[in-house]
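Thanks for stopping by with this one!

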Amino acid sequence: MEANERFEIVTEATNDAIWDYDLVKDQLFWGKGFYTLFGYNPEEIKPSFELLLSLIHEEDREHIVSQVDKYMSDPRQKDWYEEYRFLKTDGSYAFVVDRAKFLRNTKGQVTRVIGAMTDITERKSFEKELLKLNESLKLHAHELETSNEQLEQFAFIASHDLQEPLRMITSFLDQLKRKYQDQFDDRALQYIHFATDGAKRMKQIILDLLEYSRAGRLTEQLEKVNLNSLLEDYQILRNRLITEKGVKINMGTLPVVETYKAPMLQTLHCLMDNAIKYTKEGVRPEVSVDSEDAGDFWKISIADNGIGIEPEFFEKIFVIFQRLHNREEYSGTGIGLSIAKKHIDSWGGKIWLESEPGKGSIFYFTIPKS
Ligand code: ADP
């Protein structure tokens, strides 16, 4: 195969615009790529160095001309690499990468330059989009941070300011009861009891709100945590309840994970507490905890054979103060899962569930390995 032929085929295959400038004859050759990439038919136009320069975007031209001068005068310069905008026949500009070799005679004078232009317009616009996206992400993250801080401050102030009047209500109700007990009939005493109970619940809500606003801050250090040990500790802590309800706990092999210990502990406790709490009448409660290696993540599952949850509530239960039962049926304030979700979100994991009413639920959550 002729060298020239080989050259032409390669230029077609690489989809570059090849050029070859013979300075001795002052002849510039443009390959087929100038037609396919930019629309210039080499059979119709006569390429020249001046034409080439005139097609470079005026904002880039001066730099290119000065670079050419530098390469012409400095015998050490051989490998050329420049990015610029190049006018196409349709009037738009293509972003190109232009690579070339400067060949010199023994005196160091340039005799020939051979180069190739690659159209990187798509890559450039992709890069631009990415930069824009990055900027808006940064802005968004900043806004989130600010709104999180504000929320935290709000919760903190609200809880302190609310607790004071609440303490007053409770203490005056107490005094009312102590000092005037003899003058009150049963109904009046019951009213006082309801009012005290309401104040107590309000106090719990304030504390829960405060705790929720603080969850997910990840202020502590990452550490190696053995999930099996956490669960063993949990069983000791809840031993009485587990024995009373006759709960059977099946523990699979769980990993040692690098995580934030307190949030992880709270998350596991919440899911285990729920699995033990929402049990089905007449069925021996059984809770199975297991793990699965899911590539970049560990996937932990906590399965129970309890009352289950209707699919329409799968999202709702992760919202603060959302409960599916009243306090008389099952105790609780509806904060556990919302806090667990906030923790899991903050370490970049996910939480979800599968459940069948009357059969049981499986809660899943993930922990990134790094
Ligand atoms: P709490 O248990 O204090 O009500 P959570 O946020 O932990 O608050 O749970 C929200 C609701 O989700 C619960 O009130 C309950 O209705 C439902 N739930 C949570 N876990 C389970 C479970 N394992 N089985 C059945 N229902 C559950």
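Q: In which pocket does the ligand sit?
A: This is a predicted model, so what follows describes computed positions. A molecule counts as sitting in a pocket if more than half of its atoms lie within 2 Å of the pocket's grid points. By that test, the ligand is in the largest pocket.

Q: Which elements give two or more residues to the shell around the ligand?
A: The shell holds 20 residues, and the closest include Asn274 and Leu337. Elements that supply two or more residues to this shell are helix H9 (261–277), helix H10 (336–346) and strand S12 (360–368).

Q: How many charged residues does the shell around the ligand have?
A: Sorting the shell by class gives eight nonpolar and nine polar residues. Asp304 and Arg323 are among the closest residues to the ligand, and both of these types count as charged. The number of charged residues in the shell is three.

Q: What is the distance from an oxygen atom of the ligand to an N or O atom in the side chain of Arg323?
A: A polar contact here needs a pair of N or O atoms within 3.5 Å. For the side chain of Arg323 and a ligand oxygen, the distance is 2.5 Å.

Q: What share of the ligand's accessible area does the protein cover?
A: On its own, the ligand has 530 Å² of accessible area. Of this, the protein covers 97%.

Terms used:
Residues numbered from 1 in each chain as written. Predicted model: local features only at pLDDT ≥ 70, side-chain atom pairs only at ≥ 80, totals over all residues. Heavy atoms only, no water. Near = heavy atom within 4 Å. Polar contact = N/O pair within 3.5 Å; in protein donor to acceptor, adjacent residues only side chain to side chain. Areas by Shrake-Rupley, 256 points an atom, 1.4 Å probe, with all protein chains shown as cover. 1 Å grid on protein atoms, 1.4 Å probe; cavity = no way out; pocket = protein on both sides within 12 Å on 5 of 7 lines; lining within 4 Å. Helix = DSSP H or I, 4+ residues; strand = E, 2+ residues; numbered from the N terminus.
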